[in-house]
Amino acid sequence: MSEFSLLDPFQAATIPLGDWVTATLNFLVHNFREVFRAIRWPIDQVLNGIEFTLQSIPPTIGILLSSLLGWQLAGKRMALLCFVTLTLLGLIGVWSESMTTLALVLTSVFFCAVIGIPLGIVCARSNRLESIIRPLLDAMQTLPAFVYLVPVVMLFGIGNVPGVLVTIVFALPPLVRLTNLGIRQVPEDKIEAARAFGCTPRQMLTRVQLPLATSTIMAGLNQTLMLSLSMVVIASMISVGGLGQMVLRGIGRLDMGLATVGGVGLVLLAIFLDRLTQAMGARSSADPSLRWYHTGPVGVVLRLSGAGQAAGRRKTA
Amino acid sequence: MSHADEILSVNNIFKVFGPNPNMAMEMLRKGADKNEIFSKTGHVVGVFDASFSVKRGEIFVIMGLSGSGKSTMVRLFNRLIEPTSGSIHLNGREITGLSDKALLDVRRKEMGMVFQSFALMPHMSVLQNTAFGLEIAGVGEAERHSRAREALSQVGLAGHEHSYPHQLSGGMQQRVGLARALANDPTILLMDEAFSALDPLIRSEMQGELMRLQAEQQRTIIFISHDIEEAIRIGHRIAIMEGGRVVQIGTPQALINQPANDYVRAFFKTFNSRCQCASLANSAPLQSLSRH
């Protein structure tokens with residue numbers, strides 16, 4: 001170690017931040033193994049459940065079901081879009097990888113919704129909590145994913161479950177922010193009217209605030225979905241399977257074909273998910289007098305089965 | 001006035017807006033006026049020492065220019081705004097100082113409110129909007145829908161149950177607002193500039209409707225307005241507010257004959273000149289008729 005110098009004090013005076021982090025991590029790994037295993041468990045269950053379901057549905061059935069879902073949510077053009085994107089996924093030979101990626105994304109979105117929506121609601125109610133949470137969300141969004149990949153690997157190991165965890169960290173913020181925003185943007189006069197009629201805070205939330213914030217919350221969910229999709233590629237570095245793995249292997253081996261197939265697969269999946277969730281968001285802000293079961297395949301089935309009855313009811317409505 | 005027909009009594013109510021209202025109250029008690037308080041502390045005095053009572057079954061109009069504290073006043077009655085000091089009694093029961101639960105009960109059963117901006121819920125049908133107060137109060141679906149239908153037919157909206165607010169005109173939306181308040185069968189109907197956002201023809205139609213409903217049901221109505229013609233047309237008694245103070249209360253006739261100050265006189269001056277124009281316009285065709 002050199003002499004202390006005023007001109008360059010950092011030769012001698014340094015804070016051993018790296019050592020501290022290493023020590024802390026080692027301590028956590030040795031003493032809280034059970035805690036981390038407990039965190040893994042629910043993610044493992046949900047992920048396995050979703051992946052098993054998606055992988056065991058034959059592609060043809062999967063494409064048909066998705067097209068029907070698209071038709072139900074947003075009409076025949078959406079059905080066509082779902083059909084085309086998913087068929088292309090099958091044709092370029094990445095159906096199984098796509099389903100793995102889809103399972104990862106859906107699992108992260110599920111946990112983001114479970115954590116993010118309640119957190120957003122609580123933030124909307126308390127300015128103080130919002131001022132604490134906001135910088136945290138900023139950090140989660142701006143921190144490069146590589147920085148927290150290492151500690152996550154040390155604490156949770158490698159594989160799909162830690163992959164979902166880092167994806168949750170990255171994809172959670174927009175949902176919290178937009179839930180918070182949506183609830184805060186509910187017009188003041190509606191809130192006042194609800195108070196004047198004797199709403200409890202709980203009734204205010206379920207009858208007024210959440211219904212009026214739905215389209216903003218759906219936009220948040222759409223953002224979360226898109227971010228998770230981009231994150232599962234980076235997470236492939238900690239041995240997460242699926243389309244991201246194809247891209248990573250392609251880069252590693254300088255195999256342009258493989259990387260391109262993975263990349264195109266991701267884009268197709270992104271288009272499919274984005275349009276579908278945007279359609280869901282548009283529905284929630286659309287004409288509320290049109291019931292979901294009056295349109296799409298369900299509407300058709302209902303009309304065919306109880307034709308006279310249903311038609312009669314619609315006329316009075 | 002006997003106590004029996006007093007339904008709402010307001011005693012020495014103050015409302016000060018700002019971070020430290022108690023300090024401002026202390027200054028008010030020592031005789032400071034609202035301008036002094038605003039310049040020294042930045043607190044705004046919304047309502048200044050208001051005392052009056054509302055009789056059962058009357059239409060009581062609170063009138064004043066914007067910023068005179070009339071909208072604050074009406075929100076003090078159901079404590080959407082907490083008064084800083086003073087007391088309000090409804091049917092002999094003190095509203096100020098009620099527990100949260102008892103206050104919810106008062107809002108659900110005793111007071112219905114109609115808003116200038118209608119404040120209907122866009123995600124609910126007309127029927128659901130009308131039944132909103134009952135739903136909040138935990139009334140079962142069959143009963144609340146039948147009561148909502150009844151309220152809708154009272155305001156002339158039968159048959160529109162399944163429309164949505166955005167499909168209705170302003171006048172119809174406010175009818176829904178009125179039906180929503182009536183469906184709860186409240187002791188007092190609070191109307192905050194309820195007709196101000198409507199165009200003149202619809203407004204006068206709604207005023208007529210309100211007077212008809214009041215005559216049928218003998219409901220106590222507290223009506224906030226900035227329109228002197230509206231106040232004189234529908235009000236049994238009028239309270240005039242200026243800068244947070246209630247400057248005069250009386251029947252329209254009494255206010256016209258003995259205005260308490262120039263502010264009140266100025267209100268009626270505009271009214272009188274407009275009335276003369278109207279009566280001239282009305283008399284012309286009459287004269288021509290009588291000539292034939």
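What are the helix and strand percentages over residues 98-277 of chain A, and how far apart are the end C-alpha atoms? The legends below refer to a predicted model.

**Figure 1. The annotated span of chain A.** UniProt, in an unreviewed entry, lists residues 98-277 of chain A as "domain: ABC transmembrane type-1". Over these residues the chain is 87% helix and 0% strand.

Figure 2. Helix α11 of chain A comprises residues 243-252. Its buried residues are A:L243, A:G244, A:Q245, A:M246, A:V247 and A:L248. Just after this helix, A:L254 adopts a positive phi of about 55°.

Figure 3. Among contacts in chain B with a separation of 6 or more, 70% are made by residues 24 or more positions apart.

**Figure 4. The six-stranded sheet of chain B.** Strands of chain B form an open sheet in the order β6-β7-β8-β3-β9-β10, with mixed pairing. Strands β6 (111-114) and β10 (245-250) of chain B stand at the edges; each has a single partner strand, so one side of each lacks a neighbour in the sheet. From one strand to the next, the twist averages 20°. Strands of a sheet pair through backbone hydrogen bonds, either parallel or antiparallel.

**Figure 5. Strands β3 and β8 of chain B, with helix α3 across the sheet.** Strand β3 (residues 59-63) and strand β8 (residues 220-225) of chain B run parallel and are joined by five bridges. Within this pair, B:F60 stands opposite B:I222 of β8. Helix α3 (residues 70-77) of chain B lies across β3, β6, β7 (188-192), β8 and β9 (237-242) of chain B. The helix runs at about 150° to β8 of chain B.

**Figure 6. Two loop residues of chain B with positive phi.** B:R79 is located in the loop between α3 and β4 (85-90) of chain B. Although B:R79 is not a glycine, its phi is positive, at about 55°. B:R79 counts as buried because 20 C-beta neighbours lie inside 10 Å, the threshold for burial being 20 or more. B:F118 is placed in the loop between β6 and α5 (126-130) of chain B. This residue is likewise not a glycine, and its positive phi is about 70°. B:F118 counts as buried because it has 24 C-beta neighbours inside 10 Å.

**Figure 7. The contact region between chains A and B.** In this region, 17 residues of chain B are in contact with 17 residues of chain A. On the side of chain B that touches chain A, the elements giving two or more residues are α4 (100-109) and α6 (132-136) of chain B. By class, that side of chain B has ten nonpolar, five polar and two charged residues.

Definitions and conventions. Residues numbered from 1 in each chain as written. Chains lettered and ligands numbered in written order. Predicted model: local features only at pLDDT ≥ 70, side-chain atom pairs only at ≥ 80, totals over all residues. UniProt positions renumbered as here; feature names shortened; annotations may be inferred. Helix = DSSP H or I, 4+ residues; strand = E, 2+ residues; numbered from the N terminus. Contact = placed C-beta atoms within 7 Å. Pairing = 2+ DSSP bridges. Axes fitted to C-alpha atoms, helices over the stretch in contact; angles between N-to-C directions. Buried ≥ 20, exposed ≤ 12 C-beta atoms within 10 Å, placed from the backbone. Nonpolar A, V, L, I, M, F, W, Y, C, P; charged D, E, K, R; others polar.
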